[in-house]
Amino acid sequence: MAQKEEAPEAAGPASQNGEDLENLEDPEKLKELIDLPPFEIVTGERLPVNFFKFQFRNVEYSSGRNKTFLCYVVEAQSKGGQVQASRGYLEDEHAGAHAEEAFFNTILPAFDPAIKYSVTWYVSSSPCAACADRILKTLSKAKNLRLLILVGRLFMWEEPEVQAALKKLKEAGCKLRIMKPQDFEYVWQNFVEQEEGESKAFEPWEDIQENFLYYEEKLADILK
């Protein structure tokens, strides 16, 4: 798996963080296509189509995917039973706070003890060890928080440190699972920009089911 690290800007005018589908199988050409913006945390309601197609693709080897995209749904239920929901996405450049940490810094910086929070993340890759530690600290303080993390890929899953971090998340009550094809379709419908007045159907890539099963098996081995 490619490491989460900074990548130099591409010189060409190719689309940012997206892909030219004709060059998807050429790793060298793929790197040339990636044009990263300045290092920062970006937030919004819907991400561009090319970002989704490239960053969320559940490939086995994530060459060039040096960012994390996190789509979230937050449901806050008061004692009276009233539920307020919000959604959006974050992306990072891995130069400061990662997307997982940025979520707790910017989207949900404080927890009202009188409210029950149900949070769902759809993330392009699983948390690194440092982000998992931040999540653990938040869960230990916010007993009224339930967190479900669905990931497209496993980040550096062969590393003992990462495996231990994922196990700790499970032990802390965090639900962690691999995104199924239906989950990618949900993200497409709810978090990806659509043409005005037109909603295109999600078109799964050829190996989406195969790669889901591959990562599902790896995660099950880690968490057992």
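## A tour from Asn58 to the cores

Start by selecting Asn58: it counts as buried because its relative accessibility is 1%. Buried is under 20% relative accessible area, exposed is over 50%, and partly exposed is in between, with a 1.4 Å probe and protein chains only. This is a predicted model, in which local features need pLDDT of at least 70 and side-chain atom pairs count only at pLDDT 80 or more, while totals for chains, interfaces and linings use all residues. Residues are numbered from 1 along each chain as its sequence is written, and side-chain values use heavy atoms, with hydrogens and water left out.

**Stop 1: around Asn58.** Asn58 sits in the loop between helix H2 (49-55) and S2. Helices (H or I, at least four residues) and strands (E, at least two) are DSSP runs, numbered from the N terminus. Now show the contacts of Asn58, where contact means heavy atoms within 4.5 Å. Neighbours within four places in sequence aside, they are Gly152, Arg153, Phe184, Trp205, Ile208, Asn211, Phe212 and Tyr215.

**Stop 2: the whole chain.** Zoom out and colour by secondary structure. The protein has seven helices and six strands. From the N terminus, the order is α-β-α-β-β-α-β-α-β-α-β-α-α. Of the 224 residues, 47% are buried. Take the contacts between residues at least 6 apart in sequence: 75% of them join residues at least 24 apart.

**Stop 3: the largest nonpolar core.** A nonpolar core is a set of buried Ala, Val, Leu, Ile, Met, Phe, Trp, Tyr and Cys residues joined through side-chain atoms within 4.5 Å. Select Phe103, Trp121 and Ile149. In the largest core, of 42 residues, these three touch the most other members. Elements giving two or more residues to this core include strand S2 (69-77), strand S4 (116-125), strand S5 (145-153) and helix H7 (208-223). H4 gives the most, with six residues. In soluble globular proteins, nonpolar side chains tend to be buried together.

Stay on Trp121. Beyond four places in sequence, the residues it touches include Leu70, Tyr72, Glu100, Phe103, Ile135 and Ile149. Another core, of 19 residues, lies apart from the largest one; among its members are Tyr122, Phe202, Trp205 and Ile208.

**Stop 4: H3 and H4.** Which residues of H3 are buried? They are Ala99, Glu100, Ala102, Phe103 and Phe104. These pack against S2, strand S3 (83-91), S4, H4 and S5. Next, show helix H3 (residues 99-107) with helix H4 (residues 129-141). They pack at an angle of about 30°, with axes 8 Å apart. Axes are lines fitted to C-alpha atoms, for helices over the stretch in contact, and angles run from 0 to 180 degrees between N-to-C directions. H3 brings Glu100, Glu101, Phe104 and Asn105 to the contact, and H4 brings Cys131, Arg134, Ile135 and Thr138.

**Stop 5: H5.** Select helix H5 (160-171). Val162, Ala165, Leu166 and Leu169 are buried here. They lie on the same side of H5 because they cover an arc of only 95° around the axis. The arc is that of the directions from the helix axis to the C-beta atoms. The buried residues of H5 pack against H4, S6 and H7. Finish at Gly173, which follows H5 and has a positive phi, near 100°.
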